[in-house]
Amino acid sequence: MIQVLDYRTDRQRVEEMLRRLALHPAEVALGGGELGEKIKTVQKVLAAVAERGDEALVEIARQFDDPNFSAEQLRIDCAEIKAGAERIPADQRKALQRSIAQVREYQSHIMPKNPAPLKRPGVELGLRFTPLDSAGLLFPGGKAAYPSSLIMLAVPAQIAGVKRIAGFTPPSKYGRSDLVLAACHELGLTEVYRAGGPGAVAAMAFGTQTIKSVDKIVGPGNTLSQLAKRALAGAVGIDGYLGPSEILTIADESANPSFVAADLMAQAEHDPGSCFLLTTSRKITDAVVAEMQKQIKTLQRADAIVRALRDSSAIIISDSMDELIALANRFAAEHVNLQVKNESEVLAKLTHAGAVFVGPYSPVAAGDYIAGPSHCLPTNTTARFSSGISVYEFLKRSSVARYEANGLSADADAIISLAHAEHLDAHANSVQVRMSK
């Protein structure tokens with residue numbers, strides 16, 4: 001079901017798994033390797049939407065989701081959103097409300113405040129945070145309905161103070177679900193479109209006859225969606241590479257095998273998904289494999305789980321916990337779950353992870369739905385340098401400098417000297433004219 005590798009003897013196979021998981025800059029930038037054909041597909045979609053707008057979006061929707069789709073269906077009107085919200089069961093409505101409330105609580109808690117200014121004689125230096133004017137939220141819906149992803153994107157944007165928030169969901173049966181509409185209603189979103197994948201990304205960047213462009217595009221999705229975002233980086237803001245779901249669990253002999261197995265398969269069911277168990281215990285390894293075989297019999301998406309376990313997952317064993325932690329930092333996984341005795345010690349050494357879930361009673365599913373931090377996280381080892389969605393994603397930082405005459409006088413000679421050293425005499429002059437006054 002899942003391959004078991006001894007890190008001492010199977011190191012080359014582990015390295016190959018890491019190579020397959022990681023994004024390679026040359027492939028992403030130049031279109032080579034395994035990503036080449038996907039990048040060509042993305043470029044065609046971007047060009048089509050840039051040239052033909054709504055017409056191209058309709059063609060894409062008819063090809064992949066709904067043969068009867070029309071441009072009039074691109075924007076979801078508020079009456080349809082309200083009607084969908086009224087059709088869902090009361091328990092689902094309460095669950096959505098609880099999720100929104102707790103995500104709102106957490107994002108408000110971490111909302112940064114402008115720091116007190118640094119003061120020198122005659123100089124005051126500060127930093128201020130200001131929200132984006134607009135953001136486009138891309139949330140998936142090709143293989144399941146994901147109102148949770150919409151919540152994890154929209155609430156941070158709202159707390160940050162983004163003036164215009166536009167949601168994008170595929171025109172599939174899942175994207176049309178009442179649960180998605182109910183989430184839009186509970187969030188108070190009034191600008192929501194039926195468009196998904198790279199086509200939606202293109203529409204957010206370029207604008208169409210129906211859709212106005214946005215300043216930043218955020219959200220998870222498949223490889224094509226993430227490559228489309230990457231192609232537009234710099235011309236429009238993007239968050240990061242939030243691709244297919246991953247989990248990495250670090251466990252020792254104290255771990256609960258049934259919990260470990262359940263967490264691994266919970267991410268494997270995303271189709272595609274990948275999961276890794278790094279452990280010092282052969283006993284735990286055997287018990288986790290047995291639990292997987294037992295639990296999978298009761299799960300609806302067993303076929304997807306089996307594919308993920310077989311094709312893109314592994315249990316890796318080493319006698320050294322430090323060696324496993326170092327390996328975990330190279331995987332830089334989207335979700336990392338710690339089921340070890342010395343949690344604080346391992347956590348201190350774990351430097352690269354999208355989100356960390358500490359202890360046996362901290363399932364990733366809590367973070368997926370209800371805890372508060374966003375579940376929209378970096379994948380494919382990009383947690384080495386990027387972070388998950390939060391209010392910070394929707395804020396800009398601007399430094400603020402105020403000089404009085406005495407403050408500028410103190411710095412004038414150094415400014416003038418450096419300006420002349422760089423052969424920029426107009427820079428020097430801009431200080432000298434002030435000193436002469």
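I take contact to mean heavy atoms within 4.5 Å, and I take helices (H or I, at least four residues) and strands (E, at least two) as DSSP runs, numbered from the N terminus. The model I looked at is predicted, with local features needing pLDDT of at least 70 and side-chain atom pairs counting only at pLDDT 80 or more, while totals for chains, interfaces and linings use all residues. Residues are numbered from 1 along each chain as its sequence is written, and side-chain values use heavy atoms, with hydrogens and water left out.

**Entry: the whole chain**

I looked up the overall make-up and found 18 helices and 15 strands in the protein chain, whose C-alpha trace spans about 85 × 60 × 45 Å along its principal axes. For burial I use relative accessible area, where buried means under 20%, exposed over 50% and partly exposed in between (1.4 Å probe, protein chains only). On that scale 50% of the 437 residues of the protein chain count as buried. I also noted that, of the contacts in the protein chain with a separation of 6 or more, 73% are accounted for by residues 24 or more positions apart.

**Entry: helix 5**

I turned to helix 5 (residues 78-87), where Ile81, Gly84 and Ala85 are buried. Seen down the axis of helix 5, these buried residues fall within an arc of 100°, so they line one face of the helix; the arc is that of the directions from the helix axis to the C-beta atoms. As a reminder to myself, an α-helix has 3.6 residues a turn, so residues three or four places apart point the same way. The cover over the buried residues of helix 5 includes strand 2 (75-76), helix 6 (90-110), helix 8 (178-187) and strand 7 (192-194). On the face turned away from the buried side, helix 5 carries the exposed residues Ala79, Glu86 and Arg87. At the N-terminal end I found a cap on helix 5 from Asp77, with a side-chain oxygen 3.1 Å from the backbone nitrogen of Ala79.

**Entry: helix 1 against helix 14**

I next looked up how helix 1 (residues 11-21) packs with helix 14 (residues 321-331), and the angle is about 25° with the axes 10 Å apart. Axes here are lines fitted to C-alpha atoms, for helices over the stretch in contact, and angles run from 0 to 180 degrees between N-to-C directions. Helix 1 and helix 14 are therefore roughly parallel to each other, a term for angles under 35 degrees. From helix 1, the residues Arg11, Val14, Glu15, Leu18 and Leu21 meet Glu323, Leu327, Arg330 and Phe331 of helix 14. By class, I read this contact as five nonpolar, no polar and four charged residues, where Ala, Val, Leu, Ile, Met, Phe, Trp, Tyr, Cys and Pro count as nonpolar, Asp, Glu, Lys and Arg as charged, and the others, Gly among them, as polar.

**Entry: backbone exceptions**

Most residues other than glycine have a negative phi, and most peptide bonds are trans. I found a cis peptide bond joining Asp271 and Pro272, with omega about 5°. Pro272 sits in the loop between helix 11 (257-268) and strand 11 (273-279), and, leaving aside its neighbours within four places in sequence, Pro272 is in contact with Lys143, Pro244 and Ser245. Pro272 and Leu23 are 249 residues apart in sequence, and I find them 16 Å apart in space, C-alpha to C-alpha.

Thr381 is not a glycine, yet has a positive phi of about 70°; Thr381 belongs to the loop between helix 16 (364-369) and strand 15 (395-403) and is buried, with a relative accessible area of 3%. His423, also not a glycine, has a positive phi of about 60°, lies in the loop between helix 17 (405-421) and helix 18 (425-435), and is exposed at a relative accessible area of 71%.

**Entry: single residues**

I looked up Asn337 in strand 13 (residues 335-339), which is buried with a relative accessible area of 0%. Neighbours within four places in sequence set aside, Asn337 is in contact with Leu248, Thr249, Ile250, Asp263, Phe357, Gly359 and Ser362.

Ser70, in the loop between helix 4 (54-64) and strand 2, counts as buried at 18% relative accessibility; beyond its neighbours within four places in sequence, Ser70 is in contact with Val58 and Arg62.

Gln43 lies in helix 3 (residues 36-52) and is partly exposed, with a relative accessible area of 47%.

Terms used. Parallel < 35°, antiparallel > 145°, perpendicular 65-115°, else oblique. Polar contact = N/O pair within 3.5 Å; in protein donor to acceptor, adjacent residues only side chain to side chain.
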